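Biologist: I'm new to this one, so please pick a single part and look at it closely with me. After that, take me on a walk through some other spots.

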Amino acid sequence: MNKTIRRASVLCLLMVLALLVRATWVQAYEAKALADDEHNRRNTIAQYAQPLGDIIVAGSPVTGSKETNGDDLRYKRTYTQGDLYASVTGYNSQAYGATQLEGIYSDVLDGTDDRLKNPTDLLTGERAAPGDVLTTIDPDVQKAAYEALGDDQGAAVAMDPETGRILGMVSSPSYDPSAISGTSDGDAWQKLLDDEKKPLVNRALRQALPPASTFKLVVAAAALENGLYGSVDEPTDSPDPYTLPNTSTVLSNENPSAPCEDATLRTALQYSCNNVFAKVAADLGQDKVKAMADAFGFDTPELDVPVRASESVYPTGMDKAQTALTGIGQFEVTATPMQMAMVSAALANGGELASPHMVAKVTGSDGSTLQEYPDNDTERVVKESTAEQLRSAMVTVVDEGTGSNARIDGAEVGGKTGTAQNGVDNSNTPYAWFTSYAKDDSTGKQVAVAVVVEDSGAARSEVSGNGLAAPIAQKMMKAALGR
């Protein structure tokens, strides 16, 4: 063999060895990465090769699967009353992915979760029969919230104070996930993206806004917990009008004739006295108010229910005047409806906050439990005596004060209204808030609710927590109590 042939043979051998090494590397080390690559259409074809598992509300599926015609994606997702439950389910789209429960539990719903597989499936890589997701949603509460919000832009949340189960969650305007579940729904998708009201945003969890006077519950709790005042019926040191510290800015009350000078915390909640709570926040200082807010759930970056809620914020680095403004839920304080429902829920539950969750369990196709969310995961936020006093004051707000539209005959109802400034110098339509709880002593049922109405089309002068948000909360509470 001459020298040239020998060199060519060695080169060919080295090239063959390189190919073998590369093939071995791909099969042994890169196979999973390639298989899981989002651009690998085989995964999408396999995902929709069989009907998906379902999201369940009160024992009935609110999702389904429909066989397609002539597409290599054999099945696509369908929704029962999609607009009603979109804020719970999210969407599962062959073209645009999945969100909320559809996204979080996609592996269970399409049968790829290893917990669904038997030993043979694990060895062969075959997909198992899909599992289901069982929610905590009460269909009556959900429907009441959806119908009461109607065409208003806003959101509502209801939860069981004792267990933390989310009974209702609605964001308005909503959308039908069925309209974007296929591969040829580009026009419907673009319409949703272009809508200025952002129907794809879950306002109940993902829209943090100034909570206005509903935040006064947190400030009142801080005043009692820190011993600034001994009870909700002790007179406060609150001049009216009140000038913000180190400024010439005078803080006014919405009702100039309200008895707000040196008012008790009960009276100040009843008439929503800005001077009292601004002064309380300034006297406590931002650190104590923040500690109380954080105990209720503010400034929690990973609040998963299991869908992640946006962080509700109590700011830091403020001067005394800015701290005073936070006492009335303004300056840079923000909260989601979920957060304000948690405030009322903790007070209704004797000062203990149950971890909010809207999934009860995740099951396999045979009904076996893969994952379960406990109902007794609680943390103490305030003393029981503090919670009892604030509940009493909240009842006064509903029975004798600004929350009259939330009354329910035969039930104990407590609440707090709020009207939040919106835009530079409050140039836009204000936000209307209401957070509350209701108890039926005869049945033991109870519920906590928060509602925000961002825009109802009402005249600016007609925007109030009692006028717009409280009636929605009342309907939800009545549904939860079975009335």
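Modeller: Helices (H or I, at least four residues) and strands (E, at least two) are DSSP runs, numbered from the N terminus. Before going on, keep in mind that this is a predicted model: local features need pLDDT of at least 70, side-chain atom pairs count only at pLDDT 80 or more, and totals for chains, interfaces and linings use all residues. Residues are numbered from 1 along each chain as its sequence is written, and side-chain values use heavy atoms, with hydrogens and water left out.

Lys416 is buried, yet has no salt bridge. Buried means under 20% relative accessible area, exposed means over 50%, and partly exposed is in between (1.4 Å probe, protein chains only). A salt bridge needs a side-chain nitrogen of Lys or Arg within 4 Å of a carboxyl oxygen of Asp or Glu. For Lys416, the nearest side chain of opposite charge is Glu254, and that is 8.2 Å away. For the charges, Lys and Arg count as positive and Asp and Glu as negative, while His and the chain ends are not counted.

What does the side chain of Lys416 join up with in a polar contact? That's Ser272, whose side chain it meets at 3.0 Å. A polar contact is a pair of N or O atoms within 3.5 Å; within protein, one must be able to donate a hydrogen and the other to accept it, and residues adjacent in sequence count only if both atoms are side-chain atoms. If you set aside residues up to four places away in sequence, Lys416 also touches a whole list of others, among them Ser213, Thr214, Leu269, Trp433 and Phe434. Touching, or contact, means heavy atoms within 4.5 Å.

Next, the cysteines. A search of the whole structure finds 1 disulfide, and Cys260 and Cys273 form it, with their sulfur atoms 2.1 Å apart. The cut-off is a pair of cysteine sulfur atoms within 2.5 Å. Cys260 lies in the loop between strand E11 (250–251) and helix H11 (265–271), and Cys273 in the loop between H11 and H12, so the pair ties together parts that are 13 residues apart in sequence. The torsion about the S-S bond of Cys260 and Cys273 is about -75 degrees, so this disulfide is left-handed. Both cysteines, Cys260 and Cys273, are buried.

Now over to helix H13, residues 286–296, where Gln286, Val289, Met292, Ala293 and Phe296 are buried. Those residues sit on the same side of H13, because they cover an arc of only 135 degrees around the axis. That arc is taken from the directions from the helix axis to the C-beta atoms. What do the buried residues of H13 pack against? Their partners are helices H10 (216–225), H12 (274–284), H14 (320–326) and H15 (337–348), along with strand E14 (352–354). After H13 comes Gly297, with a positive phi near 125 degrees.

Ala222 gives you a view from helix H10. With a relative accessible area of 0%, Ala222 is buried. Leaving out residues up to four places away in sequence, Ala222 touches Leu284, Lys288 and Met292. The C-alpha atoms of Ala222 and Lys290 are 9.0 Å apart, although 68 residues separate the two along the chain.

Lys290 brings us to charge pairs: its side chain meets that of Asp299 in a salt bridge (2.7 Å, N to O). Asp299 is buried at 17% relative accessible area, whereas Lys290 is partly exposed at 21%.

The structure holds 14 salt bridges. In another of them, Asp375 and Arg165 pair up at 2.9 Å, N to O. That pair links distant parts of the chain, 210 residues apart: Asp375 is in the loop between strands E16 (369–372) and E17 (378–380), and Arg165 in the loop between strands E8 (153–159) and E9 (166–172).

Arg165 is also in contact with Thr136, a residue in the loop between strand E7 (132–135) and helix H7 (139–149). Thr136 counts as buried, at 6% relative accessibility, and its side chain reaches the backbone oxygen of His357 at 3.3 Å.
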